[in-house]
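The structure is shown first.

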Amino acid sequence: MSNVDVVQRTAAALPSPFESAMAAAATATATATATATTVTAPTNTGTPASLVTMAATKPTTISSSTSLGTATSATATTTTTATATTNNITNNILNTIPQIGVIGIKRTRNGDHKEGRISKSRQRTFTKSMEPPVLSFYGTQPVPLPSRFGSLKKRLVAGHESALQASWGRLLDALRDEVKHIEKEGSGLIPSLDFTDIDDAAKVEPFGAQLKRYGIGVIRGVVPSADASRWVEETKTYLETKHEYKPPPAQDPTCFDFFWTPAQVRSRAHPHVLQAQRFAMSLWNTNNDDRLATRFPITYADRIRIESVSNGHLTVNGAAQPTHEDSLIAAAAAASSAQIAQVDNGSLERWEQDGYGRGGLYDAIFKGDWESYDAWDPAGRINATSDLYNGAGACSMMRLFQGILALTVVEPGMIRLLPSPKLSTAYFLLRPFFVPKEGPPEQGAGSAEWDAYLDASNWTLEKEQSTVIHGAVPGHAQRVTAAWHPHLQLDKSLVTPPTLQAGDYIVWHPDQPYQFSNTNYRSSSRPQTSSSSGGGGGGGGPAPPDMTSMLVYTPAAPLTQTNALFLARQRKAFLRGHPGPDFDSTGTGLGSEAPHTGRLGEKDIREVGGEEGLQAMGLAPWNLSAASTSSSSSIRHHQHHHHHHKHAHSSSSSSSKGKKDAASADSMDVDAAPTSRSSSRDSRSSSTSSSTHAEAEVVRLANIILFPDRYDFYMPTRASSPVPSSRDRSEKERERERERDRSNKERENRDRDKDRDKGRIEINKSTKVSSSSSS
């Protein structure tokens, strides 16, 4: 295993009251410093290698004014070997830490002794990191869920037991060959394409085939490097303003909960980024009936990843103290070297009827026919609910691609992905239904024992389905681990993308497992930012003190009705400077960026992306007829500037590499989409000059949702009558009203005439009386 394949996990800061408790727990668990039990798996050479290694370490504390370099380069002390597991360490930590009045710890309340009263955990949502079940990801046993999940699993397999058992065998055979293929080809499976070539059909075709086969693609030079460097410097200044913010997750200390930094706002609105997203989404197998508009990419406000060397100048002030749960997670992460990858867009929701079951996205897999599952058909995702539990950071928006925009040079090792979207998805969805007849081999067992353990004949469908869904807990992303998902062989199947230059954009399928390194993954010099460029050149020397790595999460999301509803909430958060809605589940705006100096607004978005940039943020309505010309003009506006910053990666080499990879993909086409949908790919994907009725309806509804004062809308009743009969009834009602009006007018006229006649009679009488008296 190479150095870049190792994910080092550093302990985040622990409040000082917990350090002694951690030490006490470790001492109680082992006679020396605590370490762990090792579970082995086959290596590249056929001999067993460590799948799960756990070691307890003492983390280093950091102050509330946190230098990013100091926080991210803190390392755990080395330990000696003993016999304790991470689960024992975690349990001892839980039992040893006192129940004191610290944020996130249960605090006894007067009267809690009374019968029937349960003590509540008083925890500020702002400092909440993750619930305790996350600790299970670093252990050996998954978390049992409530009993309803056992019933759910039973309903999913009912009537398909034989088909599922047979499909499981076929899946394991396919996975075994797939892992060998991935191990042999490595990062060569990931295609790349220059941004300037996205309209070149000859180059797009092999790139698209490779991306759909392996689920990953790199679009080079989307943002000019000069723009990227300028955004980095502007963001560094922005972050140095003192403010209160939510500290990074304990197990991922370089991922910050900022949402409206200059780098994020400008990159999301940039016309090249929007064009790259539109191009990538056009590769999906859409048809004319799908209620989505891929030609209108919209913004999802996600976080930013920042890494700096230990003596770097970038300092983020005002971090809140880590919580009790942060401390536990940090300890578990530091004590475990287990392979853990993440799958976004929900976890339990993929099995639940109210989640992805709404659209039947994975029905074929649950019925024992995973081969017919089309990973690139968006129809089953449009009406899915991916966040049933309102978890902190769980995504509520439908995204067709996860994505990262590199604003500095990123060497291999920052991220690793599993390039098999169809097989990996089918596997982690079916894994909870199957159990091994014989458990994993003992430490030191040979490859033959491991082959026997992984063989399909050793796995059977559970007779009585348990409540365990491996790697899934409410409110958190799906995890796949080496211990719970052994057939994925994460030590072999996770590959590193090639070097990303500033301005490159990498995208991957939303069901794809991926893994971030949460420490300094580089062993030598750091990339230069604009503040330090212009000096001497070249490589090999020690890194300058102000080196910063910065990546912006930039997923690609199409316009849909539900996405428009989310965009309305997100627009309000942007205007107020509050965190993205998915990261502020209480709506309190804690961790707000409102007081920041230099926070960008609507005017800045217009300057960067024009009308299209405003539309992506829900700040301007969509217009189908103007979509084509608006997109073309925005691209032309930046094209001449981009031409001078084209990367050294030649398009010819990318093209030849794409042809080679396409040939490799043809030899093992396990992810080929079913012809029923792929052959009917919507023409709107390749041309923005035409629209469909479904797309027009999506645009109409989105405009109504986001701009109700400008657009009329009709909301039918639950049992509305057909239009013709309703029109007839309305006409009759109007006729009756006209008849009533005529009757009223006639009555008024008659009364008026009577009054007039009565007046004349009175006048005549008075005249006669006056004349007789005078005579």
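In this predicted model, Ala406 faces Leu551 of strand β18. The strands concerned are β11 (residues 402-406) and β18 (residues 548-553), which pair in the antiparallel sense over three bridges. Helix α8 packs on the sheet here, with contacts to β8, β11 and β18, and its direction makes about 45° with that of β18.

**The sheet**

β11 and β18 belong to an open sheet of seven strands with mixed pairing, in the order β4-β5-β16-β11-β18-β8-β6. The edges are held by β4 (192-194) and β6 (255-256); each has a single partner strand, so one side of each lacks a neighbour in the sheet. Strands of a sheet pair through backbone hydrogen bonds, in either the parallel or the antiparallel sense. Cys255, at 2% relative accessibility, counts as buried because the cut-off is under 20%. Cys395 is likewise classed as buried, with 3% relative accessibility. The whole structure contains zero disulfides.

**Helices on the sheet**

Helix α7 lies across β8 (304-308), β11 and β18, and runs at about 95° to β18. The axes of α7 (residues 225-239) and α8 (residues 262-269) come within 8 Å of each other and cross at roughly 145°. On the α7 side the contact involves Trp231, Glu234, Thr235 and Tyr238, which meet Pro262, Ala263, Arg266 and Ser267 of α8. Sorted by class, this contact holds four nonpolar, two polar and two charged residues.

| Pair of elements | Angle |
|---|---|
| α7 and α8 | roughly 145° |
| α7 and β18 | about 95° |
| α8 and β18 | about 45° |

**A covered helix**

How many residues of helix α13 (residues 421-430) are buried? Ten of its ten residues are, and the helix is mostly covered. Among the buried residues of α13 are Lys422, Tyr427 and Phe428. The elements that cover them include helices α5 (161-185), α6 (201-214) and α11 (363-366). Strands β10 (340-343), β13 (434-436) and β15 (478-481) are also among the covering elements.

**Confidence**

The average pLDDT of the chain is 74, and 60% of the residues score at least 70. Over residues 89-131 the pLDDT stays under 50, and the model has 76 contacts beyond four places in sequence for this stretch. Residues 640-668 also have a pLDDT below 50, with 48 contacts in the model beyond near neighbours in sequence. Where pLDDT is low, predicted coordinates should not be read in detail.

Terms used: Residues numbered from 1 in each chain as written. Predicted model: local features only at pLDDT ≥ 70, side-chain atom pairs only at ≥ 80, totals over all residues. Heavy atoms only, no water. Axes fitted to C-alpha atoms, helices over the stretch in contact; angles between N-to-C directions. Helix = DSSP H or I, 4+ residues; strand = E, 2+ residues; numbered from the N terminus. Contact = heavy atoms within 4.5 Å. Nonpolar A, V, L, I, M, F, W, Y, C, P; charged D, E, K, R; others polar. Pairing = 2+ DSSP bridges. pLDDT = per-residue confidence, 0-100. Buried < 20%, exposed > 50% of the residue type's maximum accessible area, 1.4 Å probe, protein only. Disulfide = S-S within 2.5 Å.
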